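Q: Hi! I have a structure open here and would like to talk through its side chains. Could you help me out?

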Amino acid sequence: MAPSRWFFKRWRADLRFQCRVFSTVVDWTVALYLVIPGLILLAERYIAWWKGEAAWVAEVPSLLLWAAAFLFSWSGPFRLYLEPADQLFLMQRSDWMRTYTVTGLWFGWGKRALESGLFLGLLSPFLRYEIDSSLSFVGMGLFLWQAKACLALVRRLLAGMDGMLRKGLMTVFTLVLGGAAFVWIGEDGHPFGFYAGVAVLAGCWSLLAWLRSRQKGVLFTEIDYDQAQRMRWAALLLQTSGVVHQRFWVMKRPWLFPRSTPLFRRRTASRIVAEAVIKSFLRSGRQLVPYFQLVAFCAVALLVTPTVLRWGCWILFSFLFSLWGRSVWREWRSSNGMFAVWAQSGFKVRGAFQKAVFVLQQIGFLPLSAVMGAVTFGPWGMVWMIGAGWAVSWYTVSLFARRECQAPSKQPLEYPSEVEEGR
């Protein structure tokens, strides 16, 4: 079998695997009641946007649109679909390996074109208020395509670098410099800037692809990377469903509470457990990054939605952050085996749950309440909306605590010896 056909066979096998993973979540009931209505609603909204309901975008700073476009260009992995068995044969045939890699590079280049086209088509009703000529629109599409293809190779090369500090600094430097150049070209909006950027990025992609096709000694790293990318959705599904509980990643020297300072002055069992849950969350980079990403997304949603819908979103966000806090509580509980013993010894589970989830919910919901007050009532509205957010949070968390910590059976534990003796 030719290396090119070998690559596409691997790609089809991976596509079938990912479809099986998603089919375990999206069965016929989910598709009938959620996916299909969601697609119909999206199509209806898309038509409405083209009819003029997206005119409010003209008041949004164009900087935000171009920043979102750059984040889209930065996202997405670059894969060659390598497997562990390739080290036995493919590693010994350098000519086959080069052909296989070149096929993967060109396939990734074309795949970025499809992704960029879909992204551009989805945002076309909004971008027409920023781009006034078809020549500029085509230039932007080509520029977005080449930027995404080039950044995919850059990110893959950065991921293979040695040294966490060096890799982090180079990643931040590339992200800042590339984002500034991308936004500057987009803000200018001149067709010459788009097509000049396309030419430069195409040259950079050609150089990076040539270097990648001749790079040696990276097969094992590429295999590990591909295996991790292959299983990322399956791992997320298993963690979300509770089948697999990922361990909390805690820094050896955390930035927050490095000396384990007590959070609550009064030291009771429920407060100590709540304190442990809160600190495990605040010291976990895996938890904090998506949490504050959600806070930023919700803040933008409050800024752009109409007044009536804004109040509904604010109440919904209260439940959403309470759900997030509950998931943190459940993960901490499942990773601490002694919790079941404490619960049987008369420990007040509801008090610990309510204190921990309330603090975790307040970390994100209070800033959103301040944004809500500033947008709706002005600067003074921030003050009393924080108080209103505190009250709404307390009521929401109380509802979750009542449902989560229902009173268990008060019968004492029976030991086998006692059962045999008839005690």
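Q: Which residue forms a salt bridge with Arg-79?
A: Asp-14 does, with the closest N and O atoms 3.2 Å apart. A salt bridge here is a side-chain nitrogen of Lys or Arg within 4 Å of a carboxyl oxygen of Asp or Glu. Please keep in mind that this is a predicted model, where local features need pLDDT of at least 70, side-chain atom pairs count only at pLDDT 80 or more, and totals for chains, interfaces and linings use all residues. Residues are numbered from 1 along each chain as its sequence is written, and side-chain values use heavy atoms, with hydrogens and water left out.

Q: Where do Arg-79 and Asp-14 lie?
A: Arg-79 lies in the loop between helix H3 (62–74) and helix H4 (86–89), while Asp-14 is in helix H1 (residues 3–23), so the pair ties together parts that are 65 residues apart in sequence. As for the names, helices (H or I, at least four residues) and strands (E, at least two) are DSSP runs, numbered from the N terminus.

Q: Are Arg-79 and Asp-14 buried or exposed?
A: Arg-79 is buried, and Asp-14 is buried too. Buried means under 20% relative accessible area, exposed means over 50%, and partly exposed is in between (1.4 Å probe, protein chains only).

Q: Which residues are linked with Asp-14 and Arg-79 in a network of salt bridges?
A: Asp-226 and Arg-230 are linked with them in that network. Arg-230 also turns up around Gln-18: leaving aside neighbours within four places in sequence, Gln-18 is in contact with Gln-229, Arg-230 and Trp-233. Contact means heavy atoms within 4.5 Å. Gln-18 is found in helix H1, and Gln-18 is buried, with a relative accessible area of 11%.

Q: How many salt bridges does the count come to?
A: The count comes to 9 salt bridges. One of them joins the side chains of Arg-212 and Glu-222, at 3.0 Å from N to O. Arg-212 is in helix H8 (residues 191–213) and Glu-222 in helix H9 (residues 219–230), so to speak a link between distant parts of the chain, 10 residues apart.

Q: Why does Arg-212 count as buried?
A: Because its relative accessibility is 5%. Glu-222 counts as buried at 5% as well.

Q: What about helix H11? Which residue does Glu-275 form a salt bridge with?
A: With Lys-279, the closest N and O atoms being 3.4 Å apart. Glu-275 and Lys-279 are 4 residues apart in helix H11 (residues 269–282), which means that about one helical turn separates them. Glu-275 and Lys-279 are buried. Val-273 has its place in helix H11 too, and counts as buried at 7% relative accessibility.

Q: OK, new topic: aromatics. How many aromatic pairs does the structure hold?
A: The structure holds 33 aromatic pairs. Rings of Phe, Tyr and Trp (its six-membered ring) pair if their centres lie within 6.5 Å; planes under 30 degrees apart count as stacked, over 60 as edge-to-face and the rest as tilted. The rings of Phe-8 and Phe-107 have centres 5.7 Å apart and planes at 85°, so this pair is edge-to-face. Phe-8 lies in helix H1 and Phe-107 in helix H5 (residues 94–127), so the pair ties together parts 99 residues apart in sequence.

Q: Is Phe-107 buried or exposed?
A: Phe-107 counts as buried, at 18% relative accessibility, whereas Phe-8 is partly exposed at 31%.

Q: Which aromatic cluster do they belong to?
A: Phe-8 and Phe-107 are in one cluster with Trp-6, Phe-7, Trp-11, Tyr-81, Trp-96 and Tyr-100.

Q: Last one, helix H13. How many residues does H13 have?
A: Helix H13 (residues 307–334) has 28 residues and reaches 41 Å from its first C-alpha to its last, close to the 40 Å expected at 1.5 Å a residue. That expected span is 1.5 Å times one less than the number of residues in the helix. Several H13 residues are buried, including Trp-314, Phe-317, Phe-321 and Trp-329.
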